Amino acid sequence: MGNVTEQVLQQIVNGLSLGSIYALVALGYTMVYGIIKLINFAHGDVMMVGAYAGWFATTTLHLSFIPALLIAMVVSAILGVLIERIAYKPLRNATRIASLITAIGVSFFLEYGGMLVVSPQMRTYPPVFPDTIWNVGGIIIKYGDIVMILTSIILMILLHVIVKYSKIGKAMRAVSFDNEAALLMGINVNNTISATFAIGSALAAAAGVLMGVYFNTINPLMGIIPGLKAFVAAVLGGIGIIPGAMVGGFFLGLTESFVSGLGASTWRDAVAFLILILVLIIKPSGLFGKNIREKV
Amino acid sequence: MGKRINRQSVVTLLGVLLVYAIVQGSILMDILPPFVALTLIQVCIFIILSTSLNLINGITGQFSIGHAGFMAIGAYMAAIVVVKFQGPLMLALLAGALVSALAGFLIGLPTLRLKGDYLAIATLGFGEIVRIIFLNMEYVGGASGFSVPKTITWTWAFWLMVISVVIIRNFIYSTHGRACISIRENEIAADVMGINTTKYKIMAFTIGAFFAGLAGGIYANYLYIIQPLTFSFLKSFDILVMVVLGGLGSLTGSILGAVVMTVVSAALSGWPEWRLVITAILLIVMMIFRPKGLLGTKEFSLSFLGKKGEKNASSKD
């Protein structure tokens, strides 16, 4: 029996590490959706760019973990704002389908443009953390697990403080509540949307660096599957709701590591998408969402 | 529509026969390079895929991005019938299309209640699930792929394409097709006017899936080998680009989009990254400056050649 408990606890540790990545990426999805009602398909690829920026900072510039993380976040934030200004802003009043297609286009542009720039081969992340492994009653906890969970919790608290108490956070909530009313109240809607993209992209970059450090390798297509899964997490928690994205991310991470733990790791991705379809069918507004009646 | 046979349909028929004859002639005389022959058959496959996706996305106004999933079902089913049961090609193609249509029906039933973005994501999820299922099925070769003998010829591919396009065209101009268009224009209004919107959405989705399955069957029986990776999101995206490029809601637009994109991809096949970067930029620029696509919802017609062309007649080039 002890063995089973150990295994369960081990999968919980793995699931929380994985879940913290999904949660960080899902936050960006949910914030952007909340403010301009757009599924930013390119979000996973912004994460990839962040991972590469972090890789560049650690290998070429020989920086340690925290400066590399900050550089990656800044680079991705700028990229996020640029994407919004160039590709999404002209389409703000266009149909939802048009902006969705554009987002898919941006995503492919980053993936294959990235391949042209950094070549399709895999890159190995240098070991930025010590290889310390703690064995707590048979459960293996890596140094990376701790850093990953801690970093994401710190970033989430930071995000919460920004959204709840800062001026820009207030503006974000106002714009997401009612775009036009916010404009009439003298809020600079364009800057607020840019800020949302910047914050979301910075969080994605942090996730990208953590992923690179944790799994050791990065490649230009690394953002696709985690991006889609983070989207699943965002939908699961209720898209547009920030705490929902965090819970959804950790839930998805845990589910996946349990599926892998049961020996069905090739089915992992299918389970994530199955959860998505089930959530969409049973409760499309997500775990934390409220049902909003549609007016004619 | 007036007379059944008019100048437009005669001209179209002659055009179709001419295209077939020229290609078939050059195949018989053995002057067609194999690369060109491959591209031509791919054009036929993609025309079936793009027109059937257009039925769902452009005509009915639903947003599906999981078309490769249906293609995969058709391809694998057709391959199973041919390889495991030694069935005739026609039966295999039909089986693939029917199973795919059934999958479309079953998937459409719950998911078509969803709107816009959510439907898009659900179909994307479906496409990925299908791919992962085939990836894990040792019966059909798993990740390494499933070899199928090559039995599709230009004649098969071309005439199946023509039949598919004619059926989809006739569907669009039928009562059912008009109902689908009314759903695109305003779902609530259509509902109020007494149109059973769920029924028509599922009908369009199932027909779309049927033809995607057929295209998959043709693909499987032409390319020697099918792998789950072929039917990834990338394939759905390629088909979507064709439909959007040609114009959502325009059948001739989809045909044009399929021809242009397949030829462009073939020309850039030596530089796969560039192909996708160019496609992506094209798509973004198109959405910003001409979101309707090349033809919008209009149909390309040869009416300017005749004195009084029929409106809305479709033609193929």
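This tour moves through the structure stop by stop, stating what to select and what is found there. The model is a predicted one.

**Stop 1: chain B as a whole**

Begin by selecting chain B and displaying its secondary structure. Chain B contains 12 helices and two strands. Followed along the sequence, these elements are arranged as α-α-α-α-α-β-α-α-α-α-β-α-α-α. Along the principal axes, the C-alpha atoms of chain B occupy a box of roughly 50 × 50 × 40 Å. A compact globule of 317 residues would have a radius of gyration near 20 Å, and the 19 Å of chain B agrees with this.

Of its 317 residues, 52% are buried.

**Stop 2: two loop residues of chain B**

Select Q86(B), in the loop between helix 3 (67-83) and helix 4 (89-111) of chain B. Its phi is near 50 degrees, a positive value in a residue other than glycine. Is Q86(B) buried or exposed? Q86(B) counts as exposed because it has 8 C-beta neighbours inside 10 Å, and a residue with 12 or fewer is classed in that way.

Proceed to Y224(B), which is placed in the loop between helix 9 (197-220) and strand 2 (225-226) of chain B. Phi of Y224(B) is near 70 degrees, again a positive value in a residue other than glycine. Y224(B) has 12 other C-beta atoms within 10 Å and is therefore exposed.

**Stop 3: helices 10 and 12 of chain B**

Two packed helices are described by the angle between their axes and the distance between the axes. Select helix 10 (residues 233-246) and helix 12 (residues 272-289) of chain B; their axes come within 11 Å and cross at roughly 35 degrees. The crossing of helix 10 and helix 12 of chain B is left-handed.

To view the contact itself, show the side chains of V241(B), V244(B) and L245(B) in helix 10, which meet T279(B), L283(B) and M286(B) in helix 12 of chain B. The residues of this contact comprise five nonpolar, one polar and no charged.

**Stop 4: where chain A touches chain B**

Now display both chains. Here 33 residues of chain A are in contact with 32 residues of chain B. On the chain A side, the elements giving two or more residues are helix 4 (96-118) and helix 11 (268-282) of chain A. Which of the elements gives the most to this side? Helix 4 of chain A does, with 15 residues. By class, the side of chain A that touches chain B has 27 nonpolar, four polar and two charged residues.

**Stop 5: helix 2 of chain A and its partners**

Within chain A, select helix 2 (residues 43-59) together with helix 9 (residues 224-237); they pack at an angle of about 130 degrees, with their axes 8 Å apart. Helix 2 of chain A is therefore oblique to helix 9 of chain A. Their crossing is right-handed. From helix 2 of chain A, H43(A), G44(A), D45(A) and M47(A) meet I224(A), P226(A), G227(A), L228(A) and A230(A) of helix 9. This contact of helix 2 with helix 9 of chain A has five nonpolar, three polar and one charged residues.

The contact of helix 2 with helix 8 of chain A consists of 11 nonpolar, six polar and no charged residues.

**Stop 6: A171(A)**

Finally, select A171(A), located in helix 6 (residues 167-177) of chain A. A171(A) is buried, because 21 other C-beta atoms lie within 10 Å, and 20 or more are required for that class. Apart from its neighbours within four places in sequence, A171(A) is in contact with I187(A) and T192(A). For a distance to trace in the viewer, take the C-alpha atoms of A171(A) and F108(A): they are separated by 31 Å, with the two residues 63 apart along the chain.

Conventions:
Residues numbered from 1 in each chain as written. Chains lettered and ligands numbered in written order. Predicted model: local features only at pLDDT ≥ 70, side-chain atom pairs only at ≥ 80, totals over all residues. Helix = DSSP H or I, 4+ residues; strand = E, 2+ residues; numbered from the N terminus. Rg over C-alpha atoms; globule rule 2.2 N^0.38 Å. Contact = placed C-beta atoms within 7 Å. Nonpolar A, V, L, I, M, F, W, Y, C, P; charged D, E, K, R; others polar. Axes fitted to C-alpha atoms, helices over the stretch in contact; angles between N-to-C directions. Parallel < 35°, antiparallel > 145°, perpendicular 65-115°, else oblique. Left-handed = near helix turned anticlockwise from the far one by under 90°.
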